[in-house]
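Subject: Structure handover

Hi,

Here is the structure for your files. My notes on it follow below.

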Amino acid sequence: MREFSNKLSVQSPAFQRAYLGSLAPNLVKSGNFDKYYQTLTNFDFLTAKLNHPEFGVQPLIDDYKLIDNPELFDTTKYDSEQIKILKLIEQTLELSAHILNKNHLELLPQLWGRLLSFELSGIKAFLTKIKQTQSQPWLCPLIPSLDPPGRTLLRTFTGHRSSVDTIAVTPNSEYLISGSNDKTLRIWNLELGKEVFSIVGHTDRVNTIAVTPNGKIVISGASDKTIKVWNIETKTEVFIFKGHTEPITSVAVTPSATRVISASEDKTIKIWSLTTGKELYTLTGHTKKINHVTFTTYGNCVISASDDQTIKVWDLKTGKVLYNLMGHTDSVQTIAVTPDGKRIISGSWDNTIKVWELEKGEEIYTLIGHTDSVQAVVVTPDGKRIISGSWDNTIKVWSLEKRKNLITIQAHTSPLTSLVVTPDGKQIISGSWDNTLKLWNINKTKKLDISTRHKKSVGAVAVTPDGKKVISGSGKPLLGSSDKTLKVWDIETGNKLFTLAGANHYIKSLIVTPNSKWVVSGLYEVTINIWNLLTGKKHIRILGHTARINSLTATPDSKILISGSNDKTIRSWNLETGTEVFTLAGHTAEVTFVAVAANCERLISASKDKKIIIWNLKTGTAINTLTGHNEQINSLALMSYDRLIVSASDDKTLKVWDMETGAEIYTLTGHTGSVKSVVVTPNGKQLISNSTDNTIKVWNLKTGQEILNITGDNNHVNIIAVTKDSKYLISHISNSKTLQVWNLENRNVIASFTGESNINCCAFASNSLTIVAGEQSGRLHFLRLEEGNIISS
């Protein structure tokens, strides 16, 4: 396979461009399917076309779509398994397009992670070949944990910087339009999954969008109390409607495209002329804010839903209320009308969906199934199915005739805000607080069975020091409650070994003792919980501190657990019995960090009192106090063999101390925010610190010079681990889905991996180069840092 890239690399740029662009189409035109198949399963071709500045993901996907043209390919003449393999690779590229558009390094881990679950011999051969030819380090998924192709999810759209609050599709299905809390509207090519352009004009959250029947005009309403009318062909503002006194919550347009109907938190509905841009009249009657408004040609009625728990049906000509529909027991958030205009569908904060007869103004039935507020409902164009989206993060598809749930999709990792169905009724697009839009095939009902997951968010993960087990703890979901459990997994197979129950709260952090016997939780709580990993049973719950615990550590012999707390004390506990050994009281403010020297003789503590105290662990007496920081100390790193202590502080500095003499050796300055943590590379040559200034800095420990700065832009960068050979640093940016691997020698990112939702926590097994990442979705990813065949040989 290297032959392709070697031959292409010696050609001129013009030849490379022409060759990559025409190769697949020419093979199709000539009927050379075998060569076409070989080309589209050649990783070098995929990489070359993806990396070429004039091509990229979509042109590569288009090469696979050539087999969909019956005039070019009679697929019945060819190997059906090979056709299936090409379609699976195409769908994998579509699923990963939003990732690959940003980072081409992810091609191999995305292909591997999404195709790993398939047993087809051709897929296995394809994955084996691409792994054998990989010459650079990469993060290899060990178990299927990414969404595979051929299921419900088709594509993800990313670009908004905040929640997606409203979406619409043009009648010809060419464009998807989204509005966001980031104050923008974005226009996407629906087929290509690509942003075409964005519209900036509102000064606050865009809450609602409507599109005229000809697809040329978009109406948007925002929290800035204005409604704007845009021509998306000229990308210009046509009108601005002002008159509401509170945020706009919903807009609709009549089929004749002559009227715009708007609803607001000011409890009113206004009717506007789309011809003149003027307000025609106002409808009043709701007693609380109105959440949604729509129009039906059946009787020329306006329908509105409100926080006052009612749905009102208005005569558009007279402005009078025809019906008050009452039955929901909480705010009515959303409404839709069936294509014949005769039925109303409503969704409410009471978690239910109701179906109403418009002609009689009566409730027909109620659909129950969501576990949180129903925020969006739509009806398929054939009028047979209702689709609902909820704050429980799911999409449900219901049969209108049979009155039952047909499909449930675990759609997003955050509450859903909006839904739209494409005009052909085959696809759904959803928007969410997680800043993404997702495209779904509602006719594909097969679900991904991910064995390595919690029901909701993962809050913490840890790997046992022997590298054999992974422990994950249930995190705090955005809505709802945690199941307060820990799960223990085999690191090689990903198989769950057992579940540990008994935690008081969701799990915020975990530590495992050096002998791999005990797992402990209790950070940011008052109670310490200890479980025995050998028996799989709860061991003991410790109460002793009177305020939250900020730091936990175990002695190298795994006999003693030590905790530092906001109650200004340090306490030590016998891990076998749970009894307190001693309490150290010497700090005058909260204890922020505790660490034990490798010889088990010294305990070092840091505090908000700006001091570091070195204690005799056997006698519990203070040996020395180190002072010099101007603000609280957050973290410590010990180098017992060099007698060094490194401290990180809110005063934006790191200090290096002699443990024996207490002398300050030097101070490292450069961070512009509080320094929260520090680690020393295993070879003892470098320090790595991270800060609230959203950077990680790598320092030469001998000279004190900064040698690398990693920035997370507007988000905090976390240190996950440094490999045992001190060659690679693994980092993660908070509120992101991506892990990065840095080469500390050449200071470049050499590998990355992007999950399906924000990664909350990570752990590293240095003996196997295995990284375990826990997602907000509840998934766990088991990844191995592979160095590549050429490097490793």
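Aromatic pairs first. The count comes to eleven aromatic pairs. The rule: rings of Phe, Tyr and Trp (its six-membered ring) pair if their centres lie within 6.5 Å; planes under 30 degrees apart are stacked, over 60 edge-to-face, and the rest tilted. Phe15 and Tyr19 are stacked, because their ring centres sit 5.6 Å apart with the planes at 10°. Both residues belong to helix α2 (residues 13–29); they are four residues apart, so about one helical turn separates them. Helices (H or I, at least four residues) and strands (E, at least two) are DSSP runs, numbered from the N terminus.

How exposed is Phe15? It counts as partly exposed, at 39% relative accessibility. Tyr19 is also partly exposed, at 30%. The classes: buried is under 20% relative accessible area, exposed is over 50%, partly exposed is in between (1.4 Å probe, protein chains only).

Next, Phe157 and Trp188. Their pair is edge-to-face, with 5.6 Å centre to centre and 80° between the planes. Phe157 lies in strand β2 (residues 153–157) and Trp188 in strand β5 (residues 184–189), so the pair links distant parts of the chain, 31 residues apart. Phe157 and Trp188 are both buried.

There is also an aromatic cluster: Phe4, Phe15, Tyr19 and Phe45.

A word on provenance. This is a predicted model: local features need pLDDT of at least 70, side-chain atom pairs count only at pLDDT 80 or more, and totals for chains, interfaces and linings use all residues. Residues are numbered from 1 along each chain as its sequence is written, and side-chain values use heavy atoms, leaving out hydrogens and water.

Now the whole chain. It has nine helices and 60 strands. The C-alpha atoms fill a box of roughly 90 × 70 × 50 Å along the principal axes. The radius of gyration is 30 Å; a compact globule of 793 residues would have a value near 28 Å, so the two agree. That radius is taken over C-alpha atoms, and the globule rule is 2.2 Å times the number of residues to the power 0.38.

Of the 793 residues, 59% count as buried. Among contacts (heavy atoms within 4.5 Å) between residues at least 6 apart in sequence, 44% join residues at least 24 apart.

Best wishes
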